[in-house]
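Open the model in your viewer and keep the sequence panel beside it. The stops below say what to select and what is there.

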Amino acid sequence: MLKLYISPGACALASHIALEEAGANYETQVIDLRSGQQRMPDYLAVNPAGSTPALATDHGVVTQNPAILALIAQTHPDAGVAPIDDPYAFAAFNALNGFLSSSLHPAIGKVLFSRPPLEGEAKDQAVEQALAKYQLVEDHYLKGDWAMGDAFSLADGYLSVFTRWARQAGLLDASRFPRLNGHLDRVQARPAVRRVLEAEGLSAV
Ligand SMILES: N[C@@H](CCC(=O)N[C@@H](CS)C(=O)NCC(=O)O)C(=O)O
């Protein structure tokens, strides 16, 4: 059985939503980031990078949300959770996930999780830079009601992790980001997503 290492509310939520949406046979194990469990030998043996998510499979451990999402989509072809049969559409799916992982996540992460917390001009600058990334998604990367167009894909669950964080921080202004707000509401209304939120002890935001 697949085993996903998660930290409730953190970016592993994307992979957790993916497994649930795909109807996968899986279990989860919580790694408590606050107490530093990700740096303990037991977990470093799973993922030497000391971060979640990590997905333990019969073929070894897979890390990084974009890789995990692509793997889940390809190993659950009947679930229809990514355009795996169209190389160009699948490239677009992977491109969006790459942007979320390498650009949006670090930008909002700097605002929310810098230690010590950012203050003053440094915080204002970080917020401005993060909001510019959200603006790119709002204006250019959402192809329809769902990120890839008319159909839900695992990129939608991934995007929702960061729109949840922004909304919780009061940064997802409804007049500046109407499409992202509507998108987050649609994602959080999905039965599979509600099950995952409940399993992680979270609520829709
Ligand atoms: N690009 C990675 C990012 C993984 C990551 O940074 N995870 C964070 C939680 S959102 C983490 O585990 N951080 C460990 C720590 O805070 O020490 C991915 O998408 O999987």
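**Stop 1: serine 7**

Select serine 7, in the loop between strand 1 (2–6) and helix 1 (13–22). Keep in mind on this tour that the model is predicted. Is serine 7 buried or exposed? Its relative accessibility is 4%, so serine 7 counts as buried, the limit being under 20%. Now show the side chains of serine 7 and threonine 52: they make a polar contact of 2.9 Å. Setting aside neighbours within four places in sequence, the residues in contact with serine 7 are Ala12, Ile31, Leu33, Thr52 and Glu200.

**Stop 2: two cis peptide bonds**

From threonine 52, step on to proline 53. The peptide bond from threonine 52 to proline 53 is cis, and its omega is near 10°. Proline 53 belongs to the loop between helix 2 (41–44) and strand 3 (54–57).

Next, select arginine 115 and proline 116, which are also joined by a cis peptide bond, with omega of about 0°. Here proline 116 is in the loop between helix 4 (87–113) and helix 5 (120–141).

**Stop 3: the ligand**

How many residues surround the ligand? There are 14, and the closest are Cys11, Gln38, Thr52, Gln64 and Asn65.

- Glutamine 38 has a polar side-chain atom 2.8 Å from an oxygen atom of the ligand.
- Glutamine 64 places a polar side-chain atom 2.7 Å from a nitrogen atom of the ligand.
- Tyrosine 158 has a polar side-chain atom 3.4 Å from an oxygen atom of the ligand.

Stay with glutamine 64 and look at its backbone. Glutamine 64 sits in the loop between strand 4 (60–63) and helix 3 (65–75). Its phi is positive, about 75°, although glutamine 64 is not a glycine. With a relative accessibility of 48%, glutamine 64 counts as partly exposed, because that class runs between 20% and 50%.

**Stop 4: helix 6**

Select residues 154–168, which make up helix 6. The helix has 15 residues and reaches 22 Å from its first C-alpha to its last, close to the 21 Å expected at 1.5 Å a residue. Just after helix 6, look at glycine 170, where phi is positive at about 75°.

Then show the rings of Phe113, Tyr158, Phe162 and Trp165, which form one aromatic cluster. Tyrosine 158 is also the residue with a polar side-chain atom 3.4 Å from a ligand oxygen.

**Stop 5: rings and an arginine**

A search of the whole structure finds 8 aromatic pairs. One of them to select is tryptophan 146 with phenylalanine 152, an edge-to-face pair with 5.4 Å centre to centre and 85° between the planes. Both tryptophan 146 and phenylalanine 152 are buried.

Which rings does the charged end of arginine 190 sit over? It sits over the ring of tryptophan 146, 5.3 Å from the centre of that ring. The charged end of arginine 190 also sits over the ring of phenylalanine 152, at 3.7 Å from the ring centre.

Methods
Residues numbered from 1 in each chain as written. Predicted model: local features only at pLDDT ≥ 70, side-chain atom pairs only at ≥ 80, totals over all residues. Heavy atoms only, no water. Helix = DSSP H or I, 4+ residues; strand = E, 2+ residues; numbered from the N terminus. Expected span 1.5 Å × (residues − 1). Buried < 20%, exposed > 50% of the residue type's maximum accessible area, 1.4 Å probe, protein only. Polar contact = N/O pair within 3.5 Å; in protein donor to acceptor, adjacent residues only side chain to side chain. Contact = heavy atoms within 4.5 Å. Phe/Tyr/Trp six-rings, centres within 6.5 Å; stacked < 30°, edge-to-face > 60°. Lys NZ or Arg CZ within 6 Å of the ring centre and 35° of its normal. Near = heavy atom within 4 Å.
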